[in-house]
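Walk through this model with a focus on its sheet, then on the helices around it.

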Amino acid sequence: MKLQQLRYLVEVAKQGLNVSEAAEKLHTSQPGISKQIRLLEDELGIQVFIRNGKRVVSVSEPGKEVLRISERILREAQNLKRVGDEFSRESEGALTIATTHTQARYALPPTIAAFVQRYPKVRLSIKQGSPTQICEMVVSGEADLAVATEGIALYKELAMLPCYEWNRSIVVPQDHPLLQLERPITLADIASYPIVTYDFAFAGRSKINKAFADQGLSPNVVLTAIDTDVIKTYVSLGLGIGIIASMAFEPNRDAGLRIIDAGHLFEPSTTKIGIRKDAYLRGFAYTFVELFAPHLHRREVDAALLAHDSDLDD
(Lines give C-alpha, C1' and ligand atoms only; values in the text may rest on other atoms or scores of the structure.)
Protein backbone atom coordinates (compact mmCIF):
# COMPACT_ATOMS: atom_id res chain seq x y z
CA MET A 1 0.00 0.00 0.00
CA LYS A 2 1.36 3.41 -0.98
CA LEU A 3 0.40 6.93 0.00
CA GLN A 4 0.16 7.77 -3.69
CA GLN A 5 -2.60 5.18 -4.10
CA LEU A 6 -4.52 6.80 -1.26
CA ARG A 7 -4.09 10.20 -2.89
CA TYR A 8 -5.53 8.80 -6.11
CA LEU A 9 -8.55 7.38 -4.25
CA VAL A 10 -9.28 10.61 -2.43
CA GLU A 11 -8.83 12.81 -5.50
CA VAL A 12 -11.16 10.67 -7.63
CA ALA A 13 -13.82 11.01 -4.94
CA LYS A 14 -13.16 14.73 -4.65
CA GLN A 15 -13.59 15.18 -8.40
CA GLY A 16 -17.03 13.60 -8.38
CA LEU A 17 -15.73 10.15 -9.45
CA ASN A 18 -14.25 11.65 -12.62
CA VAL A 19 -10.91 9.86 -13.11
CA SER A 20 -9.86 12.15 -15.97
CA GLU A 21 -10.26 15.27 -13.85
CA ALA A 22 -8.43 13.61 -10.96
CA ALA A 23 -5.55 12.77 -13.29
CA GLU A 24 -5.41 16.37 -14.49
CA LYS A 25 -5.37 17.71 -10.93
CA LEU A 26 -2.58 15.32 -9.94
CA HIS A 27 -0.61 15.84 -13.18
CA THR A 28 -0.60 12.17 -14.06
CA SER A 29 -2.35 9.82 -16.49
CA GLN A 30 -5.84 8.38 -16.24
CA PRO A 31 -4.65 4.80 -16.93
CA GLY A 32 -2.01 5.20 -14.20
CA ILE A 33 -4.60 6.21 -11.63
CA SER A 34 -6.99 3.43 -12.64
CA LYS A 35 -4.20 0.83 -12.43
CA GLN A 36 -3.03 1.95 -8.98
CA ILE A 37 -6.57 2.02 -7.59
CA ARG A 38 -7.21 -1.52 -8.85
CA LEU A 39 -3.93 -2.70 -7.29
CA LEU A 40 -5.02 -1.20 -3.98
CA GLU A 41 -8.46 -2.79 -4.23
CA ASP A 42 -6.82 -6.17 -4.90
CA GLU A 43 -4.60 -5.73 -1.86
CA LEU A 44 -7.53 -4.77 0.36
CA GLY A 45 -9.77 -7.47 -1.04
CA ILE A 46 -12.68 -5.09 -1.57
CA GLN A 47 -14.05 -2.92 -4.34
CA VAL A 48 -13.77 0.74 -3.34
CA PHE A 49 -15.42 2.11 -6.48
CA ILE A 50 -18.36 0.59 -8.30
CA ARG A 51 -17.89 0.68 -12.07
CA ASN A 52 -20.08 0.47 -15.13
CA GLY A 53 -17.64 -0.66 -17.78
CA LYS A 54 -14.66 1.66 -17.45
CA ARG A 55 -16.64 4.42 -15.80
CA VAL A 56 -16.71 4.88 -12.02
CA VAL A 57 -20.33 5.37 -10.99
CA SER A 58 -20.39 5.24 -7.18
CA VAL A 59 -18.54 4.39 -3.97
CA SER A 60 -19.19 1.04 -2.32
CA GLU A 61 -20.16 0.86 1.36
CA PRO A 62 -16.74 -0.47 2.46
CA GLY A 63 -15.21 2.04 0.05
CA LYS A 64 -16.73 4.92 2.03
CA GLU A 65 -14.84 3.75 5.12
CA VAL A 66 -11.63 3.28 3.09
CA LEU A 67 -11.95 6.85 1.82
CA ARG A 68 -12.52 8.21 5.33
CA ILE A 69 -9.42 6.41 6.65
CA SER A 70 -7.39 7.42 3.58
CA GLU A 71 -8.20 11.08 4.14
CA ARG A 72 -7.09 10.78 7.75
CA ILE A 73 -3.83 9.03 6.79
CA LEU A 74 -3.03 11.72 4.24
CA ARG A 75 -3.70 14.45 6.78
CA GLU A 76 -1.44 12.73 9.31
CA ALA A 77 1.27 12.36 6.66
CA GLN A 78 1.07 16.10 6.10
CA ASN A 79 1.26 16.63 9.86
CA LEU A 80 4.48 14.57 9.93
CA LYS A 81 5.97 16.87 7.34
CA ARG A 82 4.93 19.88 9.39
CA VAL A 83 6.66 18.46 12.47
CA GLY A 84 9.89 18.34 10.48
CA ASP A 85 9.34 21.85 9.17
CA GLU A 86 8.66 23.12 12.68
CA PHE A 87 12.11 22.14 13.90
CA SER A 88 14.10 22.80 10.72
CA ARG A 89 12.43 26.08 9.75
CA GLU A 90 10.76 27.56 12.82
CA SER A 91 10.06 30.96 11.25
CA GLU A 92 9.40 29.92 7.66
CA GLY A 93 6.50 28.27 5.89
CA ALA A 94 2.96 29.14 4.87
CA LEU A 95 -0.24 30.00 6.70
CA THR A 96 -3.62 30.26 4.97
CA ILE A 97 -6.53 32.04 6.62
CA ALA A 98 -10.06 31.55 5.27
CA THR A 99 -12.45 34.31 6.25
CA THR A 100 -15.35 36.52 5.25
CA HIS A 101 -15.09 39.99 3.72
CA THR A 102 -16.04 41.81 6.92
CA GLN A 103 -13.37 40.04 8.97
CA ALA A 104 -10.72 40.44 6.26
CA ARG A 105 -11.50 44.10 5.71
CA TYR A 106 -12.17 45.36 9.24
CA ALA A 107 -11.09 42.89 11.94
CA LEU A 108 -7.95 41.19 10.66
CA PRO A 109 -5.68 44.00 9.35
CA PRO A 110 -3.98 44.82 12.70
CA THR A 111 -3.34 41.12 13.31
CA ILE A 112 -1.97 40.59 9.82
CA ALA A 113 0.31 43.63 10.05
CA ALA A 114 1.73 42.45 13.39
CA PHE A 115 2.12 38.88 12.14
CA VAL A 116 3.96 39.87 8.95
CA GLN A 117 6.33 42.04 10.95
CA ARG A 118 7.10 39.17 13.31
CA TYR A 119 7.32 36.45 10.64
CA PRO A 120 8.53 38.08 7.41
CA LYS A 121 9.48 34.72 5.89
CA VAL A 122 6.05 33.11 6.36
CA ARG A 123 3.86 33.20 3.24
CA LEU A 124 0.50 34.44 4.50
CA SER A 125 -2.58 33.91 2.31
CA ILE A 126 -6.11 35.20 2.85
CA LYS A 127 -8.98 33.37 1.15
CA GLN A 128 -12.44 34.91 1.24
CA GLY A 129 -15.81 33.24 0.94
CA SER A 130 -19.10 32.55 2.64
CA PRO A 131 -19.01 30.93 6.10
CA THR A 132 -19.79 27.56 4.50
CA GLN A 133 -17.07 27.96 1.89
CA ILE A 134 -14.38 28.96 4.35
CA CYS A 135 -15.22 26.12 6.75
CA GLU A 136 -14.98 23.64 3.91
CA MET A 137 -11.59 25.12 2.98
CA VAL A 138 -10.31 24.21 6.44
CA VAL A 139 -11.98 20.80 6.45
CA SER A 140 -10.38 19.96 3.07
CA GLY A 141 -6.96 21.27 4.06
CA GLU A 142 -6.97 24.26 1.68
CA ALA A 143 -6.74 26.61 4.67
CA ASP A 144 -5.30 26.31 8.17
CA LEU A 145 -7.74 28.54 10.07
CA ALA A 146 -11.27 29.81 9.51
CA VAL A 147 -12.30 33.17 10.97
CA ALA A 148 -16.06 33.72 10.87
CA THR A 149 -19.18 34.46 12.88
CA GLU A 150 -21.48 31.89 11.29
CA GLY A 151 -21.04 28.29 10.21
CA ILE A 152 -18.15 26.85 12.22
CA ALA A 153 -20.39 25.07 14.74
CA LEU A 154 -22.02 23.14 11.90
CA TYR A 155 -18.82 21.22 11.10
CA LYS A 156 -17.99 18.39 13.48
CA GLU A 157 -14.47 18.26 12.03
CA LEU A 158 -13.68 21.73 13.40
CA ALA A 159 -12.79 22.85 16.90
CA MET A 160 -14.32 26.25 17.62
CA LEU A 161 -12.51 28.99 19.55
CA PRO A 162 -14.55 32.10 20.50
CA CYS A 163 -12.60 35.31 19.87
CA TYR A 164 -14.66 38.44 20.50
CA GLU A 165 -18.23 39.72 20.61
CA TRP A 166 -19.60 42.45 18.37
CA ASN A 167 -22.91 44.04 17.53
CA ARG A 168 -24.62 46.14 14.90
CA SER A 169 -25.33 49.72 14.00
CA ILE A 170 -27.59 51.49 11.56
CA VAL A 171 -25.89 53.50 8.84
CA VAL A 172 -27.81 56.34 7.16
CA PRO A 173 -27.15 59.38 4.95
CA GLN A 174 -26.10 62.41 7.00
CA ASP A 175 -29.47 64.16 6.59
CA HIS A 176 -31.66 61.17 7.45
CA PRO A 177 -34.73 61.66 9.73
CA LEU A 178 -33.59 58.88 12.08
CA LEU A 179 -30.76 61.16 13.19
CA GLN A 180 -33.33 63.54 14.67
CA LEU A 181 -34.66 61.01 17.18
CA GLU A 182 -34.31 62.16 20.77
CA ARG A 183 -34.57 58.63 22.14
CA PRO A 184 -32.84 55.30 21.44
CA ILE A 185 -33.76 53.88 18.05
CA THR A 186 -36.26 50.98 17.98
CA LEU A 187 -36.82 48.06 15.64
CA ALA A 188 -40.11 49.65 14.60
CA ASP A 189 -38.20 52.77 13.55
CA ILE A 190 -35.87 50.66 11.43
CA ALA A 191 -38.68 48.58 9.92
CA SER A 192 -40.38 51.73 8.63
CA TYR A 193 -37.60 52.22 6.05
CA PRO A 194 -36.20 50.06 3.22
CA ILE A 195 -33.23 48.08 4.55
CA VAL A 196 -29.91 47.11 2.99
CA THR A 197 -27.99 44.45 4.94
CA TYR A 198 -26.00 41.25 4.79
CA ASP A 199 -26.85 38.13 2.89
CA PHE A 200 -28.51 35.57 5.19
CA ALA A 201 -25.37 33.40 5.55
CA PHE A 202 -23.19 36.30 6.67
CA ALA A 203 -22.34 38.38 9.72
CA GLY A 204 -24.99 37.21 12.14
CA ARG A 205 -27.90 37.87 9.79
CA SER A 206 -29.92 35.18 11.59
CA LYS A 207 -29.90 37.34 14.75
CA ILE A 208 -31.14 40.34 12.79
CA ASN A 209 -34.08 38.31 11.48
CA LYS A 210 -34.82 36.89 14.93
CA ALA A 211 -34.95 40.33 16.55
CA PHE A 212 -37.61 41.55 14.11
CA ALA A 213 -39.56 38.29 14.26
CA ASP A 214 -39.67 38.39 18.07
CA GLN A 215 -41.49 41.72 17.85
CA GLY A 216 -43.78 40.62 15.05
CA LEU A 217 -42.16 42.98 12.54
CA SER A 218 -41.49 42.27 8.86
CA PRO A 219 -38.55 44.40 7.72
CA ASN A 220 -38.48 45.51 4.09
CA VAL A 221 -35.05 44.21 3.03
CA VAL A 222 -34.57 45.60 -0.48
CA LEU A 223 -30.98 44.49 -1.05
CA THR A 224 -28.56 42.03 0.51
CA ALA A 225 -24.82 41.79 -0.03
CA ILE A 226 -21.81 39.87 1.27
CA ASP A 227 -19.65 43.00 1.31
CA THR A 228 -20.15 45.78 3.88
CA ASP A 229 -18.69 48.34 1.51
CA VAL A 230 -21.39 47.47 -1.02
CA ILE A 231 -24.06 47.98 1.65
CA LYS A 232 -22.67 51.42 2.51
CA THR A 233 -22.46 52.37 -1.18
CA TYR A 234 -26.15 51.69 -1.74
CA VAL A 235 -27.10 53.51 1.46
CA SER A 236 -25.19 56.51 0.08
CA LEU A 237 -27.26 56.23 -3.12
CA GLY A 238 -30.47 56.45 -1.09
CA LEU A 239 -31.64 52.87 -1.61
CA GLY A 240 -32.35 52.39 2.08
CA ILE A 241 -30.81 52.40 5.55
CA GLY A 242 -28.09 49.88 6.33
CA ILE A 243 -27.67 47.37 9.13
CA ILE A 244 -23.95 46.62 9.43
CA ALA A 245 -21.36 45.37 11.89
CA SER A 246 -20.43 48.36 14.05
CA MET A 247 -16.72 47.76 13.45
CA ALA A 248 -17.29 48.27 9.71
CA PHE A 249 -17.99 52.00 9.96
CA GLU A 250 -15.00 54.28 9.43
CA PRO A 251 -15.85 57.98 9.93
CA ASN A 252 -12.84 59.19 7.96
CA ARG A 253 -13.65 57.03 4.95
CA ASP A 254 -17.43 56.92 5.10
CA ALA A 255 -17.98 60.58 4.31
CA GLY A 256 -21.63 61.48 3.87
CA LEU A 257 -22.84 58.71 6.17
CA ARG A 258 -23.71 58.67 9.86
CA ILE A 259 -23.97 55.77 12.27
CA ILE A 260 -26.59 55.03 14.94
CA ASP A 261 -25.81 52.43 17.60
CA ALA A 262 -28.26 49.52 17.59
CA GLY A 263 -26.48 47.19 19.99
CA HIS A 264 -29.45 47.31 22.37
CA LEU A 265 -31.75 45.84 19.68
CA PHE A 266 -29.86 42.72 18.66
CA GLU A 267 -28.19 39.81 20.43
CA PRO A 268 -24.41 40.15 20.18
CA SER A 269 -22.58 37.86 17.80
CA THR A 270 -19.28 36.10 18.44
CA THR A 271 -16.50 35.83 15.92
CA LYS A 272 -14.73 32.47 16.18
CA ILE A 273 -11.69 30.67 14.83
CA GLY A 274 -12.20 27.18 13.42
CA ILE A 275 -9.37 24.64 13.27
CA ARG A 276 -9.42 21.02 12.14
CA LYS A 277 -9.51 18.86 15.25
CA ASP A 278 -6.69 16.68 13.95
CA ALA A 279 -4.52 19.56 12.70
CA TYR A 280 -0.87 19.96 13.60
CA LEU A 281 -0.28 23.69 13.97
CA ARG A 282 3.07 25.33 13.37
CA GLY A 283 4.29 27.66 16.09
CA PHE A 284 3.53 30.74 14.02
CA ALA A 285 -0.11 29.62 13.65
CA TYR A 286 -0.49 29.75 17.43
CA THR A 287 1.01 33.24 17.33
CA PHE A 288 -1.53 34.34 14.72
CA VAL A 289 -4.40 33.09 16.88
CA GLU A 290 -3.07 34.91 19.95
CA LEU A 291 -2.50 38.15 18.03
CA PHE A 292 -6.12 38.05 16.89
CA ALA A 293 -7.56 36.90 20.23
CA PRO A 294 -5.08 37.65 23.07
CA HIS A 295 -6.92 35.36 25.51
CA LEU A 296 -6.28 32.34 23.27
CA HIS A 297 -2.79 31.26 24.29
CA ARG A 298 -1.25 28.06 23.00
CA ARG A 299 -2.52 26.07 25.98
CA GLU A 300 -6.11 27.18 25.32
CA VAL A 301 -5.86 26.21 21.66
CA ASP A 302 -4.31 22.83 22.48
CA ALA A 303 -6.95 22.20 25.13
CA ALA A 304 -9.72 22.89 22.62
CA LEU A 305 -8.17 20.54 20.07
CA LEU A 306 -7.55 17.84 22.70
CA ALA A 307 -11.10 18.10 24.01
CA HIS A 308 -12.43 17.36 20.55
CA ASP A 309 -9.76 14.89 19.45
CA SER A 310 -11.87 11.80 20.17
CA ASP A 311 -14.86 13.21 18.25
CA LEU A 312 -13.34 12.17 14.92
CA ASP A 313 -13.49 8.56 16.02
CA ASP A 314 -17.16 8.65 17.01
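**The sheet and its helices**

Strand β6 pairs with strand β12 (residues 269-276) in the antiparallel sense, over 8 bridges. Strands count as paired if DSSP finds at least two bridges between them. Helices (H or I, at least four residues) and strands (E, at least two) are DSSP runs, numbered from the N terminus. Within this part of the sheet, Glu165 stands opposite Thr270 in β12.

The model is predicted: local features need pLDDT of at least 70, side-chain atom pairs count only at pLDDT 80 or more, and totals for chains, interfaces and linings use all residues. Residues are numbered from 1 along each chain as its sequence is written, and side-chain values use heavy atoms, with hydrogens and water left out.

Now the whole sheet. It is open and has 5 strands, in the order β4-β3-β5-β12-β6. The pairing is mixed. β4 (122-128) and β6 (158-166) stand at the edges. Each has a single partner strand, so one side of each is left without a neighbour in the sheet. From one strand to the next, the twist averages 20 degrees.

Two helices pack on this sheet. Helix α7 (residues 131-140) touches β3 (93-99), β4, β5 (145-148), β6 and β12. Contact means heavy atoms within 4.5 Å. The direction of α7 makes about 165 degrees with that of β5. Angles run from 0 to 180 degrees between N-to-C directions, and axes are lines fitted to C-alpha atoms, for helices over the stretch in contact. Helix α11 (residues 283-292) also packs on the sheet, touching β3, β4, β5, β6 and β12. Its direction makes about 40 degrees with that of β3.

Turn to β3. This strand is mostly covered, with 6 of its 7 residues buried (under 20% relative accessible area, with a 1.4 Å probe and protein chains only). β3 runs parallel to β4, joined by 7 bridges. Ile97 has Ile126 in β4 as its bridge partner. β3 also runs parallel to β5, through 3 bridges. Here Ala98 is partnered by Ala146 in β5.

Finally, a helix pair. Helix α2 (residues 19-26) and helix α3 (residues 30-44) pack at about 105 degrees, with axes 8 Å apart. That makes α2 roughly perpendicular to α3, a label for angles of 65 to 115 degrees. From α2, the contact takes in Val19, Ser20, Ala22, Ala23 and Leu26. From α3 come Gln30, Ile33 and Ser34. These residues divide into 5 nonpolar, 3 polar and no charged. Nonpolar covers Ala, Val, Leu, Ile, Met, Phe, Trp, Tyr, Cys and Pro; charged covers Asp, Glu, Lys and Arg; the others, Gly among them, are polar.

Methods
Parallel < 35°, antiparallel > 145°, perpendicular 65-115°, else oblique. Buried < 20%, exposed > 50% of the residue type's maximum accessible area, 1.4 Å probe, protein only.
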